[in-house]
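Welcome! Have a look at the sequence and the model below, and then let us walk through a few of the details together.

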Amino acid sequence: SECLPCVVGTYQDESGKQDCKPCPGGKYSDTEGLSLCLNCQVGTYSNDTGSHSCIECAIGYYQDEQGKTACKPCPSGRYGDGTGLAACQPCNVGTFMKSAGSNHCMNCSKGEYQDETGGVECKKCPAGYFTDYTGSVQCLKCPPGTYGNETGLESCLPCSAGEFQDGLGELSCKKCPKGTFQDEMGQANTH
């Protein structure tokens, strides 16, 4: 009688044994007759014993270490849009992701912006500024004839009749001085 090779998914690292051992979680053997199991590579895992292969991490997950039994969810501010990832990508400017394990990032809402990568949340436009589209990287100064007296504005407010604003990014309008008037809203000067 002769000795038989260990089957796929098992190994034997000692001589004189009557059976083979199953590969532990995080390891595998894909050929017969191995004296040790191989580590699952980055981007993969094995949560069973006796594995003959490793499983790619799912979308939204990654594994940056070898020989692991599970993958990690992409952290907040990052995303994983493919399988078998060793790392997650940071959210681009103009986007954010609050939760972990995501496969995409969300655009910032109107009135908000994100000027850094890897954002977990967006920043509100400061007073005197606005943005009227989603996915903004920066906010714009309120134009002449308007003002912005609060944060997170989608649009600036027009100056009332009797007021004007000739500056950019202002928090309020100016009252028409004596001897002048303004009978229209949203004006940059007086009559």
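Are Cys23 and Cys37 buried or exposed? Both Cys23 and Cys37 are buried, where buried means under 20% relative accessible area, exposed over 50% and partly exposed in between (1.4 Å probe, protein chains only).

Before going further, please note that this is a predicted model, in which local features need pLDDT of at least 70 and side-chain atom pairs count only at pLDDT 80 or more, while totals for chains, interfaces and linings use all residues. Residues are numbered from 1 along each chain as its sequence is written, and side-chain values use heavy atoms, with hydrogens and water left out.

**Disulfides**

The structure holds 10 disulfides, a disulfide being a pair of cysteine sulfur atoms within 2.5 Å. Three of them, including the link of Cys23 and Cys37, are set out here.

| Pair | S to S distance | Torsion about the S-S bond |
|---|---|---|
| Cys23 and Cys37 | 2.0 Å | -85 degrees |
| Cys125 and Cys139 | 2.0 Å | -80 degrees |
| Cys159 and Cys173 | 2.0 Å | about -85 degrees |

The link of Cys23 and Cys37 is left-handed. Cys23 lies in the loop between strand 2 (21-22) and strand 3 (27-28), and Cys37 in the loop between strand 3 and strand 4 (38-39), so this pair ties together parts that are 14 residues apart in sequence. Strands here are DSSP runs (E, at least two residues), numbered from the N terminus.

The link of Cys125 and Cys139 is left-handed. This pair links distant parts of the chain, with Cys125 in the loop between strand 14 (123-124) and strand 15 (129-130) and Cys139 in the loop between strand 15 and strand 16 (140-141), 14 residues apart. Cys125 is buried, and so is Cys139.

The disulfide of Cys159 and Cys173 is left-handed, because its torsion is about -85 degrees. Cys159 sits in the loop between strand 18 (157-158) and strand 19 (163-164), and Cys173 in the loop between strand 19 and strand 20 (174-175), so parts that are 14 residues apart in sequence are tied together. Cys159 counts as buried at 0% relative accessibility, and Cys173 counts as buried at 15%.

What about Cys176, which is in no disulfide? The nearest cysteine sulfur, that of Cys159, is 9.3 Å away. Cys176 is buried, with a relative accessible area of 18%. For Cys3, the closest cysteine sulfur is in Cys20 at 10 Å, too far for a bond. Cys3 is exposed, with a relative accessible area of 75%.

**Two buried residues**

Cys91 lies in the loop between strand 10 (89-90) and strand 11 (95-96), and it is buried because its relative accessible area is 0%. Not counting residues up to four places away in sequence, Cys91 touches several residues, among them Tyr79, Phe96, Cys105 and Gly119; contact means heavy atoms within 4.5 Å. Cys91 and Gly119 are 28 residues apart in sequence, yet 6.2 Å apart in space, C-alpha to C-alpha.

Thr44 belongs to strand 5 (residues 44-45). At 14% relative accessibility, Thr44 counts as buried. The side chain of Thr44 reaches the backbone oxygen of Gln41 at 2.6 Å. Beyond residues up to four places away in sequence, Thr44 touches Cys54, Ile55, Glu56, Cys57 and Gln63.

How values were computed:
Helix = DSSP H or I, 4+ residues; strand = E, 2+ residues; numbered from the N terminus. Polar contact = N/O pair within 3.5 Å; in protein donor to acceptor, adjacent residues only side chain to side chain.
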